[in-house]
Amino acid sequence: MKFFTKQKQKIVAVVAVAVCCVSVLSASVYAVTNMFVSREIESATIASPATTVADTSASGGSAVKFSASGGFQANCINLPSACGYPDATNTGVPAGTTLTNSGCVTVNTNGATVQNLNITDCNITVNANNVTIKNVKISGCMYYPIDYSGHTGLTIQDTEIASDCELTTAGMSFDNYTAIRMHVHGSADGFKANSNVVIRDSYIHDLWVTADSHNDGIQTTGGSNVTLTHNTVDTKSQGVCVQFGSTDTGWNVSNNLFHCSGWSLNGNPGTSDSSFTNNRFARVAGWYGPSGLGSSPRITWSGNYYDDTGAVVNQ
């Protein structure tokens, strides 16, 4: 009984020290989970740039990823997944998924699911609402890999668009869709996103470049209500990351890794009432800079920083 009492005292002391350590860390980490539930921190200031990653065990569905030393992790563009960003290792069709070779697919039924297909030189035409496309690889040469317009509720996830010709205008186009963990390459533009679009956890790179092409990771001709969250857009010297149209409102651009030429974000005064937060910009030789938004009105710009140094990026 005497031995048990001493052991209990030691345990209490260790717990006290651990709780003390969590208290010290709380000034720089805003989500600590699976340690002491009573000490979980929901919000605080991040002292240095860090990466927001998906974490289903965290109360908000995301957590902050630091390097092993707890400090700034530089040059994430060299291997995005090492910093928690999307690249070829964590987007597209998951490894080990069995795909069935298929020709063109036309969907006419609301709520249908198209999955586990390998499609070459053909596309998926969606003529219905609330359709899901997942675990699909579309490769080859086609103008619209996914032909979709006039409907709502399309979700594309864990899908790869691998174009091998200049004909392919974009991996996914226009309005009313959600793209999750897509891997898009070889097309003229990565995505066309006008209105009511969500693109997250996706990887866009190595676009099809010609002598007179104007390549964009994500392009809009004007619209509203677009969310770009936690994507890697790596056009290198091939084009801008996001090309805005004449009038764009209600854009939420956050926690992305951008590596593009020209202006990474190329806008004009018609881009308004939008937010750009916690984005990481990798420099490209000869680029104009991170932001060409200029005098755009009612823009929220905060927490954006350079990939190599962590220095603050101003609008």
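Asp-234 is buried, with a relative accessible area of 6%; here buried means under 20% relative accessible area, exposed means over 50%, and partly exposed lies in between, with a 1.4 Å probe and protein chains only. The side chains of Asp-234 and Lys-236 meet in a salt bridge, with 3.3 Å from N to O. By a salt bridge I mean a side-chain nitrogen of Lys or Arg within 4 Å of a carboxyl oxygen of Asp or Glu.

Please note that this is a predicted model, in which local features need pLDDT of at least 70 and side-chain atom pairs count only at pLDDT 80 or more, while totals for chains, interfaces and linings use all residues. Residues are numbered from 1 along each chain as its sequence is written, and side-chain values use heavy atoms, with hydrogens and water left out.

Helices (H or I, at least four residues) and strands (E, at least two) are DSSP runs, numbered from the N terminus. Lys-236 counts as partly exposed at 33% relative accessibility, and Asp-206 counts as partly exposed at 35%.

The count of salt bridges comes to 8. Another one of them joins the side chains of Asp-307 and Arg-280, at 2.6 Å from N to O. Asp-307 lies in the segment after strand 29 (305-306) and Arg-280 in strand 26 (residues 280-281), so the pair ties together parts that are 27 residues apart in sequence. Asp-307 counts as buried at 2% relative accessibility, and Arg-280 is buried at 1%.

I turn now to the disulfides. A disulfide is a pair of cysteine sulfur atoms within 2.5 Å, and by this rule there are 4. With bonded cysteines counted along the chain, they follow the pattern 1-2, 3-4, 5-6, 7-8.

Cys-76 and Cys-83 are both buried, and their sulfur atoms are 2.1 Å apart in a disulfide. Why is this disulfide left-handed? The torsion about its S-S bond is about -90°, so the disulfide is left-handed.

The link of Cys-141 and Cys-165, by contrast, is right-handed, with 85° about the S-S bond. Cys-141 lies in the loop between strand 7 and strand 8 (146-148) and Cys-165 in the loop between strand 10 and strand 11 (170-172), so the pair ties together parts that are 24 residues apart in sequence. Cys-141 is partly exposed at 31% relative accessibility, whereas Cys-165 is buried at 12%.

Finally, let us consider strand 10. In strand 10 (residues 160-163), Glu-160 and Ala-162 point one way and Ile-161 and Ser-163 the other way, and all are buried.
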